[in-house]
Amino acid sequence: MNIYVLMKRTFDTEEKIAISGGKINEEGAEFIINPYDEYAIEEAIQVRDANGGEVTVISVGNEEGEKQLRTALAMGADKAVLINIEDDVEDGDQYTTAKILAEYLKDKEADLILAGNVAIDGGSGQVGPRVADALDMAYVTTITNLEINGSTATVTRDVEGDSEVIETSLPLLVTAQQGLNEPRYPSLPGIMKAKKKPLEELELDDLDLEEDDVEAKTKTIEIYLPPQKEAGRVLEGELADQVKELVNLLHSEAKVV
Amino acid sequence: MGRKVLVLGEVRDGSLRNVSFEAVAAAKTVAEGGEVVGVLLGENVSSLGSELVAYGADRVVAVDSDKLAQYTTDGYSQALMAVIGQENPEGLILGHTALGKDLAPKIASKLGSGLISDATSVEEAGGNLVFTRPIYSGKAFEKKVVTDGIVFATVRPNNIAPLEKDGSRSGDVSTLAVDVKDLRTVIKEVVRKATEGVDLSEAKVVIAGGRGVKSEEGFEPLKELADVLGGAVGASRGACDAEYCDYSLQIGQTGKVVTPDLYIACGISGAIQHLAGMSNSKIIVAINKDPEANIFKVADYGIVGDLFEVVPMLTEEFKKLKVNA
Ligand SMILES: Cc1cc2nc3c(=O)[nH]c(=O)nc-3n(C[C@H](O)[C@H](O)[C@H](O)COP(=O)(O)OP(=O)(O)OC[C@H]3O[C@@H](n4cnc5c(N)ncnc54)[C@H](O)[C@@H]3O)c2cc1C
Ligand SMILES: Cc1cc2nc3c(=O)[nH]c(=O)nc-3n(C[C@H](O)[C@H](O)[C@H](O)COP(=O)(O)OP(=O)(O)OC[C@H]3O[C@@H](n4cnc5c(N)ncnc54)[C@H](O)[C@@H]3O)c2cc1C
């Protein structure tokens, strides 16, 4: 099977976030594989191990993405592709990213594409479905289970806590939800092997795309931190009095009950 | 001037979800005086048209088809694209729900347009329509504008105030016949777990329990408190993983995103993935026995103590308040 994973390198949002010059300050920040993409990579490896074939992980970004791609290779992916657009595109949006990914994938005859259901930084959840549509491929979002049997797939989809069992056929794109699997940690031999696995680097030119073809349709005009919440009031005194005070505050001060 | 804006009314169990009325209000802002056209997709949904009108839609287009009885990406996108083809809108608003998240990017791809997902507000500012949306798991916000093409957005439930319902408003409800076909995904089974009662993502009061609740029975006092306040019970991932409650109650990045007036977190430590689903709540109360717990950093009011003592006492106090009111 010809399996692809869409992987985003993201800011680790467990870290403190600061803004400088109107942008998120990335100086010294920790970057990781988007956690939902880890589920996608793990699932891809399991599907390959059960059905044969090859897993290729693709990321659109800058050269820094090589680190996360190597981690994916160390987990067990076979190949990686970095589409480095740093010199060509200034302010991309989801339209940009999806267009580039779809252009790369259009002649690859993928049987299965896996993406994360959402990136923890940008948070739109658009890229997977957009890529599938551009490739005229069916998709199922927020999946928690995937079974492949020949050319048919049975997928469990999380729908706001309910679940749907969906039957469909390959080629297919799915987006991973937490619960799909437990992503493995790269093993030491895995890390050693990853160094020798192929990591191809491409630019827009290589995809026959011009800057204009991928120009964003939306623009960020401001990024800001929510106003610092005043330090919450931790109540004191006898527990019974605290409880009375809280009810009073919620009723008279906050006016929410 | 003004724009013609389509807004999708989302139907669940035969009625419109609140987020649809909020989406109509957002569509009004985006229309800037232009026409707001409600869209209904499903089986026997056209009867709901008048309710969309009461909430501010100027008229409604419904696609009724037995093939739309359940949501499928292909079915709904064919139907919505047909309405878009007929109406040629300059704006399009959906709720940022499971349905909206699945459908909107496909429509954006078909239109070759941008899409601003998960907006918590929209306003006209300096000649631009400016959308605000949370980023970085809710730790920051961005303001976005559309630079090319249709103004297309999904709105987060419970953030944009709906317009006052006015049953005296009138508007045309027309139907459009669409030949829905070639559905590539087939729903074999639906396992409904989301509990009856107040819809968690639309609740005004949420009482949430974490690993500190310690057992399935441990949720009982939380349910009693929720009942007294007319609220819904939610949970952290920790509580779901420990099987104290069902995953349908999970709040956070992977669970439901809630924005109630009052959020009471009981025995929840406050991990970023949890905060991503509730930090926009108007008032947050934390009950935790660990004074250092991260949840206190986002709480407006906190009680350091054992939830099994505090929660029943709270229930009693709220009961007294209701009696006196
Ligand atoms: C050149 C460039 C410049 C940018 N400039 C800005 C900027 O100025 N301001 C700003 O806010 N954002 C900027 N971005 C980021 C961009 O707007 C989005 O973050 C990106 O398109 C992904 O959207 P998202 O984060 O909402 O991901 P989602 O749609 O939530 O991601 C869902 C899934 O799609 C896949 N995916 C997403 N992104 C990629 C990727 N890059 N490569 C491979 N797979 C992916 C992953 O599987 C991911 O889990 C820029 C992006 C590019 C490419
Ligand atoms: C990709 C990813 C996605 C995730 N998505 C989500 C998500 O959507 N939602 C989510 O919630 N988590 C999510 N998580 C998990 C998250 O990181 C935390 O592990 C989880 O939120 C912890 O749950 P908890 O606060 O209930 O448990 P804990 O962190 O164990 O906290 C329990 C708390 O209860 C307190 N406590 C114990 N006993 C009592 C008592 N008797 N009275 C009062 N307080 C008491 C303790 O002091 C402690 O603070 C995600 C993680 C990952 C990696």
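Begin by selecting G76(A), which follows directly after α2(A) and adopts a positive phi of about 140°. Helices here are DSSP runs of H or I with at least four residues, strands are runs of E with at least two, and both are numbered from the N terminus. The structure is a predicted model, in which local features need pLDDT of at least 70 and side-chain atom pairs count only at pLDDT 80 or more, while totals for chains, interfaces and linings use all residues. Residues are numbered from 1 along each chain as its sequence is written, chains are lettered from A and ligands numbered from 1 in the order in which they are written, and side-chain values use heavy atoms, with hydrogens and water left out.

Next, select helix α2 of chain A, residues 66–75. Its buried residues are Q68(A), L69(A), A72(A), L73(A), A74(A) and M75(A). Buried means under 20% relative accessible area, exposed means over 50%, and partly exposed lies in between, with a 1.4 Å probe and protein chains only.

Now display chain A as a whole. It contains six helices and 15 strands, and its C-alpha atoms fill a box of roughly 65 × 45 × 40 Å along the principal axes. Of the 257 residues in chain A, 51% are buried. The chain exposes about 12,000 Å², of which carbon and sulfur atoms supply 43%; accessible areas come from the Shrake-Rupley method with a 1.4 Å probe, and for residues only the protein chains shown count as cover. A contact means heavy atoms within 4.5 Å. Among contacts in chain A between residues at least 6 apart in sequence, 70% join residues at least 24 apart.

Remain in chain A and select T156(A), in strand β10 (residues 152–159). T156(A) counts as buried because its relative accessibility is 16%. Leaving aside residues up to four places away in sequence, T156(A) touches T142(A), I143(A), T144(A), N145(A), S163(A), E164(A) and V165(A).

The next stop is ligand 1. Residues from both chain A and chain B surround ligand 1, so the site is shared between chains. A residue is near a molecule or strand if one of its heavy atoms lies within 4 Å of it. Of the 30 residues around ligand 1, those that come nearest are K8(A), D37(A), T97(A), S124(A) and G125(A). By class, this shell has 11 nonpolar, 13 polar and six charged residues.

Select N34(A), where an N or O atom of the side chain is 3.1 Å from an oxygen atom of ligand 1. At D93(A), a polar backbone atom is 3.4 Å from an oxygen atom of the ligand. For Q94(A), a polar side-chain atom lies 3.0 Å from an oxygen atom of ligand 1. On its own, ligand 1 has 920 Å² of accessible area, and the protein covers 85% of that. The elements of chain A that give two or more residues to the shell are β6 (54–61), α3 (94–105), β8 (112–116) and α4 (127–134).

Finally, turn to chain B, which is divided into domain 1 (5–175) and domain 2 (200–324), with bounds from an automatic or database domain assignment. Taken over C-alpha atoms, the centres of these two domains are separated by 31 Å. Their contact takes 12 residues from domain 1 and 13 residues from domain 2.

I264(B) is buried, because its relative accessible area is 0%. Not counting residues up to four places away in sequence, I264(B) touches V206(B), I207(B), A208(B), L225(B), V285(B) and I287(B). Select A79(B) as well: the C-alpha atoms of I264(B) and A79(B), 185 residues apart along the chain, are separated by 41 Å.

Notes. A polar contact is a pair of N or O atoms within 3.5 Å; within protein, one must be able to donate a hydrogen and the other to accept it, and residues adjacent in sequence count only if both atoms are side-chain atoms. Ala, Val, Leu, Ile, Met, Phe, Trp, Tyr, Cys and Pro count as nonpolar, Asp, Glu, Lys and Arg as charged, and the others, Gly among them, as polar.
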